[in-house]
Amino acid sequence: MTFEQIADWLLDTAERHNNLRQLTDELIGKLMAAGVPVVRVNLGVFALHPEIAGYAVLWDESMSEAMEISISREDTLTPTYRHSPIRALVEDRQRLRFSLEDPNAGAEFPVLDEFRAAGHTDYIGFPIPYGGDGIAALT
């Protein structure tokens, strides 16, 4: 399967999925089958809710399947989130990409140093607008 076919699959079938974790697992499987060296995926969806900011689906190569995590409003006030590329992605609604082989790339985001230390070589993130003002982030 090519990257273009994966993109078409997402556009054609994603809205029919009612389980974001399952959709993420299928996407990871298709990317890996296409030869994309995926070692970590985070798909965060923000919600219009008074207590919950949203939720994330997380996967890394040590996991057999993705897991869902609830994100509280308080989580978005922590330094970890405030200094993360995900916050920048959500606020600026612009794609981000950093070569983690360059020690200065994304220096404003401390989490990228953790990814470098784990041997990761690239970080890419996409904003995914939905509805009127909704935003999700795929990294």
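Me: Which pattern does the protein chain follow, read along the sequence?
Reply: This is a predicted model. The protein chain has five helices and six strands. Read along the sequence, they give the pattern α-α-β-β-β-α-α-β-α-β-β.

Me: What radius of gyration does the protein chain have, and how does that agree with a compact globule?
Reply: Start from the length, 139 residues. A compact globule with 139 residues would come out near 14 Å. The computed value for the protein chain agrees with that, at 15 Å.

Me: What does the C-alpha trace span along its principal axes?
Reply: Here we look at the principal axes of the protein chain. The C-alpha trace spans about 40 × 35 × 25 Å.

Me: What percentage of the residues count as buried?
Reply: Buried means under 20% relative accessible area. Apply that to the 139 residues of the protein chain, and the share that counts as buried is 35%.

Me: How far apart are the mean positions of the positive and negative charges?
Reply: The protein chain has 11 positive and 22 negative charges.

Me: Which residues of helix α4 are buried?
Reply: Helix α4 covers residues 85-92. The cut-off for buried is under 20% relative accessible area. The buried residues of α4 are P85, I86, A88, L89 and V90.

Me: Which elements do the buried residues of α4 pack against?
Reply: The partners include helices and strands. The helices are α3 (79-82) and α5 (111-117). The strands are β1 (40-46), β4 (96-99), β5 (122-130) and β6 (134-138).

Me: Which element supplies the largest share of the largest nonpolar core?
Reply: This core has 16 residues, and those with the most contacts inside it are I86, V90, F98, L100, L112 and Y123. At least two residues each come from α4, β4, α5 and β6. The largest share is four residues, and it comes from α4.

Me: Which residues is F98 in contact with, leaving aside its neighbours within four places in sequence?
Reply: F98 is among the residues with the most contacts inside the largest nonpolar core. Contact means heavy atoms within 4.5 Å. By that rule, F98 is in contact with A105, G106, F109, L112, T121, D122 and Y123.

Me: How many residues does the second, separate core have?
Reply: Among its members are L27, L43, V45 and V57. This second core is separate, and its count is 15 residues.

Me: Is D92 buried or exposed?
Reply: D92 is found in helix α4. Its relative accessible area is 51%. Exposed means over 50%. Therefore D92 is exposed.

Me: Is N42 buried or exposed?
Reply: N42 is found in strand β1. Not counting residues up to four places away in sequence, N42 touches A56, V57, L58, I86, A137, L138 and T139. Its relative accessible area is 8%, so N42 is buried.

Me: What phi does R93 take?
Reply: R93 is found in the loop between α4 and β4. Most residues other than glycine have a negative phi. R93 is a residue other than glycine, yet its phi is positive, near 55°.

Me: Which residues does V39 touch, not counting residues up to four places away in sequence?
Reply: V39 is found in the loop between α2 (20-33) and β1. V39 is partly exposed, with a relative accessible area of 27%. The residues V39 touches are W59, D60, E61 and H120.

Me: What distance separates the C-alpha atoms of M63 and L23?
Reply: M63 lies in the loop between β2 (52-60) and β3 (67-72). M63 is partly exposed, with a relative accessible area of 22%. M63 and L23 are 40 residues apart along the chain. Their C-alpha atoms are separated by 15 Å.

Methods:
Residues numbered from 1 in each chain as written. Predicted model: local features only at pLDDT ≥ 70, side-chain atom pairs only at ≥ 80, totals over all residues. Heavy atoms only, no water. Buried < 20%, exposed > 50% of the residue type's maximum accessible area, 1.4 Å probe, protein only. Core = buried A, V, L, I, M, F, W, Y, C linked by side-chain atoms within 4.5 Å. Rg over C-alpha atoms; globule rule 2.2 N^0.38 Å. Lys, Arg positive; Asp, Glu negative; His and termini not counted. Charge placed at Lys NZ, Arg CZ, Asp CG, Glu CD.
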